[in-house]
Each structure stands twice: as C-alpha cells, then as structure tokens.
Amino acid sequence: MKEKLLDIRDEYLSFFTPAGEIKALNGVSFSMDEGEVLGIVGESGSGKSVTAYSIMGLTAYPGRLVSGSIRFNGHEVEKMSEKELRKMRGNEVSIIFQDPMTSLNPVYTIGNQIEEVILLHTDKTREEAKKRAKELLELVGINEPERRLKQYPHELSGGMRQRVMISIALACEPKLLIADEPTTALDVTIQAQILELMKELRSKLDMSIIMITHDLGVVASMCEKIAVMYAGHIVEYGTADEIFYEPGHEYTKGLIKSIPKLNSSEPERLVPIEGQPVDLLNPPKGCPFAPRCGSCMKICLREMPEKTELSETHYSYCWLHRKAEFEKGGGAE
Amino acid sequence: MNGQDILVEVQHLQQYFPAGGHGKNKRFVKAVDDVSFAIKKGETLGLVGESGCGKTTVGRTMLRLYEPTDGRIIYDGKIIFDSGKCPLKNDDGSDMTDGNGKPVLGKKTAVDMLPYRRRMQIVFQDPYASLDPRMTIGDIVGEAIDIHRSAGSKKERRDRIISLLECVGLNSEHANRYPHEFSGGQRQRVGIARALAADPQFIVCDEPVSALDVSIQAQVVNMFEDLQQEMGLTYLFIAHDLSVVKHISNRIGVMYLGKMVELADSFELIAHSVHPYTKSLISAIPVADPNTARAAKRITLQGDVPSPLNPPSGCRFRTRCPYADEICAGECPQMKEVSAGHWAACHHLDKVDY
C-alpha cells in the first residue's frame, strides 16, 4: 500500500503550565493523501493550530507530545533531529501564519526574506535566487515585482503582505502547505482575492493544503475533506458535502445552525450553542461537548464516545448514533 | 421618514484627523466625509465596510467621543453639536436654501454632554482591552451608576448591579470577580451590562461580536435582540461581517473610504443592491454551503483600498470600480433615492449589472 503523505495517530499533546496540565490534544488521528485539501474547523482553543504546528515540530515550550505518532512523508516527525527538522520546514512542509502584519521581519526587504528561504534550502546562487523571488511574486499576483523586492513590509498593505507570505511558503514547492487562518486578519474583498489565489495555486502546483479556520464559509469553498475539532478531539471528519448536508455530531450541527444566513428572506432567530467553551485545565469527564449539548444522555457525562463510521469517508464521535441500541437494550441509561 | 420617530440623526458629518505637517502642508486623514443618516426609535441601523472605511469613527463621533470637524448631530430633536458651517436640512432631506439660493447654515452649538451620556452608550469591540483589569465586574458595571448618581443607597446600587448582570446572563457571584477570570463571550456580556447601567435609549455597538467564536457570537447577537425588545433600545450596529449585520439590522448603510455609498432596508440591500461596491462586497462573502460556494461566480475586486490620507478625486471607489470613467474622476456622486427608502451614491446606477 502506498504510504500516506501525512499520518497522525492518536496524538496526545499537553502544555505543562504552572497552573496544571492543559490537555490541548486528546487522541487526534487523521491522514492525508497527496494533493488533498483538508479543512480543520473549530473554536479558539480547540487545538487546530496546535495540531498543525506539531506536524512541523513547532510545538512551543511548555508543550510536549505525550504519546502518539506523526508520520510525514514516511518520517517520524518527533524522532527527527533539529537539523533534519530544519531541512523539512520550508522545503517539504510550509506554513502561512495568521497575521501577515507580524510574521514578516520589519527590518529586511521583501526580496531579502524570500531569497533567504531559497538560499537556505537549495544550492542556487544569489543571482538565481533573486530571479526565482521575482517569479514567485509574479505567481502570487503582485504587480511590479522588481520594485516590490526592494520594499519593506510596512510599505505593503495587509493583502499584499499575505501574498508575500504565500510566496515565501511556496518558494521551495512544498508537498504540504499549512495555512493557519490565512484570511482571518483580512477584509472580505481581500479575503476573496487570497482564497481565489490559493485555489489557483493548488491546481497549478499540485500540493496538499491544510486549511485551518473558524469560518465555515472558507472551508465550504476550499476543502474536500473537513475535520471538526472540539476541545482537542476531532469530533467529526468527512467530505465537505457530508459535513454540511449530513452532519453527524451535535457540535457540527450547532455550528452550522449558529451562523446567520445571508440569503434568507425572512427574519429568523439564530440558534446558538448554549454554555461556555470548555476549560482545558479541567475538561469534563466523558464527551467534552456534553455540558453544552442539547440532547445529552447519561452515558455522555461518563464515557468518551466511540468512533462511529457513518460512511467510508465520514465518522463522528457521538453516543447519539447508538441511541437506538441503548433504548432497545436499556443498558446505558 | 417622519421627524417625530427619529431618535438620532447626523447631517454632513465630517471627521478629519491631523496626520503631521504644518501650515499649508498640514495633512489630514479623511476618516469620515459628509455622511448623513437618521435612526428611528427602536430601530437597528447596521454599518458595514472594510477596515479603515470610517464606520467606527462615525459611531464614536456620534457620541462626541471625538469632536466632529464639521456637521451636525441631533439627538431626540435637540441639536447636540453643530459646527455652524453646514446647511440645515429640509424635511425631505434636501439642503435648506434662502430666497437667493444660498444655503442656510446652522448656529454653532456644542452642548454639555453629561446628561446625554446617560442616554447614549457604547459597547466596544475588544472585550479584552475595554475592561479595566484592576476593577471587579461589580465596580465596572457600577461606575456608571456612581457617575450619574442613579442609586440612592449602597444596597440599591448593589441590587441594580445584580439585576444588570442577570439581564445579560451572568449572576450575582460574578460581581466580585475580575475580568481575567472570564471568557471572551462573558466579558462582552460585562461590556453590555456596563452600557446598560446608565439606562440608555441608544447604544452604539462597535463590532461587539467580531472577537467572539461563532457559537458564542450567536448567543450575544440573540441577547442584543432580546434586550432591544425588552427595553425598547435603538442600536447603531457596526460590523464588518455583512451576514451578522443583515441578521440584526432593520436597515444597513454601506461605507467605503469615509463615504456612505448605499443605504437601504436590510433585505432589500442584500437582494437588490445597486452600488458596484455593495455588489462585490456581498459576492465576496464565503457561503457556508459547498454547493452554492462551488457554483457561485465571485466578483473579485482588484487592488486594495486607497489611503484615506489621499483619497481618489471624485468617487472614492473609482480606482477599483469596473464602471469608472471620467465623470467618476471629476465629480463626487451624491446619494440618490433609487426606490422608496433605498439610497445609493453612484454615477452609473443604470449601467451596473453583474
């Protein structure tokens, strides 16, 4: 069998803070094929960024992988030395950070920052690197690339800076591009430009993308597969159509219901998910979503639900899928 | 619109911020330039636009948190600010002129705001930065009660604080805690309780849900609606998320680079927008529905918003507009009524067709 591009199994990751252990990831498993676009959605603190950073070995102190394995392109990421990691980062996996204002170095020119990546990872000469940098800026749709190369980040607008970030990420043609909320800091019209650009680049360069976002609208237009995260668990995973049209988990359903619809023609009331987000310092026993769930059963408060396969590509962790069984057997109540 | 129902109105509002330079070279950021609108009692007016379009400045200037550069603000029939440099308006919205066609100017006015602060309040965008970390929730909410001396005794003050907290879905035990002990959604509730403490009629909601997660956002939006029903509040709801604004507002104003470009009933605006900027704004919103998203044809605007330090001549949108021509460069379009209650400012309304 062909090896998956990315294979994460049962990843547990915690931050050991003075206040106690914060369990950021509690058994995350998923895999990705080459050329796939995966969307990870969830609220702040659900562990979506932590998952992505751990793929690059970028877990910040005091965070530590407790157990589980991350295999990228046939290598165990947590067993790689710092030197090997450096080789991989930017070359095979690249990341676009959320805030284009702070992720570029203000004291170096744009050209300098793009060339740095190329010089570090390839044996191109300075001249060749410059030429490549110019090509990259053209690729991401920046006009007058010659002039831009000599400019500093503060001379560019937010959308422009995000384009530069993308060109840096693409400099070595990575197999996997991680986009961590790439458009959250941007205005809608600029967001539309960047999303169009990413779609276009993906078909041109044939790479895999992990798109991290809290905006269901962004994943709907970009992604084939979607993973929904809540409190460090992937609670539901499936194709875009399955997630939007046949959601299995109560959290996913709640999320879809709580966004206001733009094209409705009558005033309607929003259906929010009640309660507050989980406190990761003392997560609830059983299903993490149970305290906010409208159809919570007794078993939900006691035990973490098991994986239920709803189709070949679609699974979710919720006891409700087995409610009928419980009612027949009467065991769980 | 009948003058009787109007709670708050701005006319020719202008707000320039100095941005360096001296004498002749003095430069200004033209944050808000000649904006006029009125809000009826019990109504919610939404303001949308990209960052830097001046929507927050409009909200803050209406409360005179900034002193307007020019224009007139009328609250409940009384002029609370008048620069004395802009023409008065007739009932139909046109500028008042005397017999010789010269505009009739207002009288320069700037009233003491304290009595109006009770009636006009604001909820800020960032629930992390707008609460004093060294004050308890009770004191934050109670501050307005102290300033306006609206409680007769300590017990009355405390009861009032608790009833306000209950109003926004918190309870009495929260009163002795500090802001850092709360999540974003809860903090925003505290911000709302603080605004309600003065017992206002009009609240400027400045991006109150932008910093919140979707599931919490819906809770807060519903709460705004409930409070409006119970207390008969009037809102100016500012946000960049058009779907949220459409959900909560009766009417929506769209701003671009300091100018109002379109103003209409919210359903009308989404379904039958006429201004090219509004149209592209609506089409840029990612729809949370894969089939629609795949089928949708986006109108992607080219380029970025120009700098408000040096806005384009004539129509501000012309540098990104597919319909722009010489007229747009030469002359600034005025608001025209397209259909009843639907206003737009564009020279080529008849041509716009996507």
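This is a predicted model: local features need pLDDT of at least 70, side-chain atom pairs count only at pLDDT 80 or more; totals for chains, interfaces and linings use all residues.
Student: At what angle to E9(B) does helix H1 (residues 55-62) of chain B run?

Tutor: Helix H1 of chain B lies across E3, E7, strand E8 (202-206), strand E9 (234-238) and E10 of chain B, where helices (H or I, at least four residues) and strands (E, at least two) are DSSP runs numbered from the N terminus. Residues are numbered from 1 along each chain as its sequence is written, and chains are lettered from A and ligands numbered from 1 in the order in which they are written. With axes fitted as lines to C-alpha atoms, for helices over the stretch in contact (heavy atoms within 4.5 Å), and angles running from 0 to 180 degrees between N-to-C directions, H1(B) runs to E9(B) at about 150 degrees.

Student: What angle does the direction of helix H6 (residues 214-231) of chain B make with that of E9(B)?

Tutor: H6(B) also packs on the sheet, touching E3, E8 and E9 of chain B. Its direction and that of E9(B) make about 160 degrees.

Student: Which strands stand at the edges of the open eight-stranded sheet of chain B?

Tutor: The order is E7-E8-E9-E3-E10-E11-E13-E12, with mixed pairing, and two strands pair if DSSP finds at least two bridges between them. Each edge strand has a single partner, so one side of each is left without a neighbour in the sheet. The edges are strands E7 (120-123) and E12 (336-339) of chain B.

Student: Is Glu242(A) buried or exposed?

Tutor: Glu242(A) is found in helix H9 (residues 240-245) of chain A. Not counting residues up to four places away in sequence, Glu242(A) touches Pro247(A), Ser311(A), Thr313(A) and His314(A). Since buried means under 20% relative accessible area, exposed over 50% and partly exposed in between (1.4 Å probe, protein chains only), Glu242(A), at 12%, counts as buried.

Methods
Side-chain values use heavy atoms; hydrogens and water are left out.
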